[in-house]
Amino acid sequence: VQLVESGGGLVQPGGSLRLSCTASGFTFGSYSMSWARQAPGKGLEWVSGIWSDGSDTYYADSVKGRFTISRDNAKNTLYLQMNSLKSEDTAVYYCAKDSGQYLRYEYDRWGQGTQVTVSS
């Protein structure tokens, strides 16, 4: 099982980024997935989750209305579209595989993370 994030980088406040997480080694379309982040000096924060078939999505209050999670099961890829970025969004972003098709917040695999820095 492998999860590989990409798409991070440096962006100005108010800008946008799209993160991707490419999965391999398991039946991607059978599992819900989430994004989480860890800011410098802080703990891990859950950001967003999506059901295995993409029919339902969930967001932390801190990103609701600005971030959009989606997935392409044919491409084994999870996405996080991040708009109206703020300095407080600066963090390492991780994708995580849940233990079932609906969100259980029981993650058994994590990616290596991708750095997002929001700064002018």
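**Strand β9 and its surroundings**

Visitor: In which sense do strand β4 (residues 33-38) and β9 pair, parallel or antiparallel?
Guide: In this predicted model, the two strands are joined over six bridges. The sense in which β4 and β9 pair is antiparallel.

Visitor: Which residue in β11 is the bridge partner of A91?
Guide: Strand β11, which covers residues 114-118, pairs with β9 in the antiparallel sense, and three bridges connect them. Within that pairing, the partner of A91 in β11 is V116.

Visitor: And which residue in β10 is the bridge partner of K97?
Guide: Strand β10 takes in residues 107-110 and runs antiparallel to β9, with three bridges joining the two. Across this pairing, K97 has as its partner in β10 the residue R109.

Visitor: How many of the residues of β9 are buried?
Guide: A residue counts as buried when its relative accessible area is under 20%. C95, which belongs to β9, is buried, and the strand as a whole is mostly covered. Of the eight residues in β9, the number buried is seven.

Visitor: What is the handedness of the disulfide formed by C21 and C95?
Guide: A search of the whole structure returns one disulfide, and it is formed by C21 and C95, whose sulfur atoms lie 2.0 Å apart. The torsion about their S-S bond is about 55°, so the disulfide is right-handed.

Visitor: How many residues apart are C21 and C95?
Guide: C21 sits in strand β3 (residues 17-24), whereas C95 sits in strand β9 (residues 91-98), so that the pair links distant parts of the chain. Both cysteines are buried.

Visitor: Why does R66 count as buried, and what is its relative accessibility?
Guide: R66 is placed in the loop between β6 (57-59) and β7 (67-72). With neighbours within four places in sequence left aside, R66 is in contact with Q81, M82, N83, S84, L85, K86 and D89. Buried means under 20% relative accessible area, and R66 therefore counts as buried, its relative accessibility being 11%.

Visitor: What is the relative accessible area of S52, another loop residue?
Guide: S52 is found in the loop between β5 (44-50) and β6. Apart from neighbours within four places in sequence, S52 has contacts with G29, S30, Y31, S32, R71, N73 and Q101. S52 is buried, and its relative accessible area is 4%.

Visitor: What is phi of S84, a residue that is not a glycine?
Guide: S84 lies in the loop between β8 and β9, and at a relative accessible area of 42% this residue is partly exposed. Although S84 is not a glycine, its phi is positive, at about 50°.

Visitor: What value does phi take in Y105?
Guide: Y105 has its place in the loop between β9 and β10, where a relative accessibility of 45% makes it count as partly exposed. Y105 is a residue other than glycine with a positive phi, and the value is near 60°.

Visitor: How many strands does the chain contain?
Guide: Read from the N terminus on, the elements of the chain follow the order β-β-β-β-β-β-β-β-β-β-β. The chain has zero helices, and its number of strands is eleven.

Visitor: What is the radius of gyration of the chain, and why does it agree with a compact globule?
Guide: The C-alpha trace spans about 40 × 25 × 25 Å along its principal axes. A compact globule of 120 residues would have a radius of gyration near 14 Å, and the chain agrees with this because its own value is 13 Å.

Key. Residues are numbered from 1 along each chain as its sequence is written. This is a predicted model: local features need pLDDT of at least 70, side-chain atom pairs count only at pLDDT 80 or more; totals for chains, interfaces and linings use all residues. Side-chain values use heavy atoms; hydrogens and water are left out. A disulfide is a pair of cysteine sulfur atoms within 2.5 Å. Helices (H or I, at least four residues) and strands (E, at least two) are DSSP runs, numbered from the N terminus. Buried means under 20% relative accessible area, exposed over 50%, partly exposed in between (1.4 Å probe, protein chains only). Two strands pair if DSSP finds at least two bridges between them. Contact means heavy atoms within 4.5 Å. The radius of gyration is taken over C-alpha atoms; the globule rule is 2.2 Å times the number of residues to the power 0.38.
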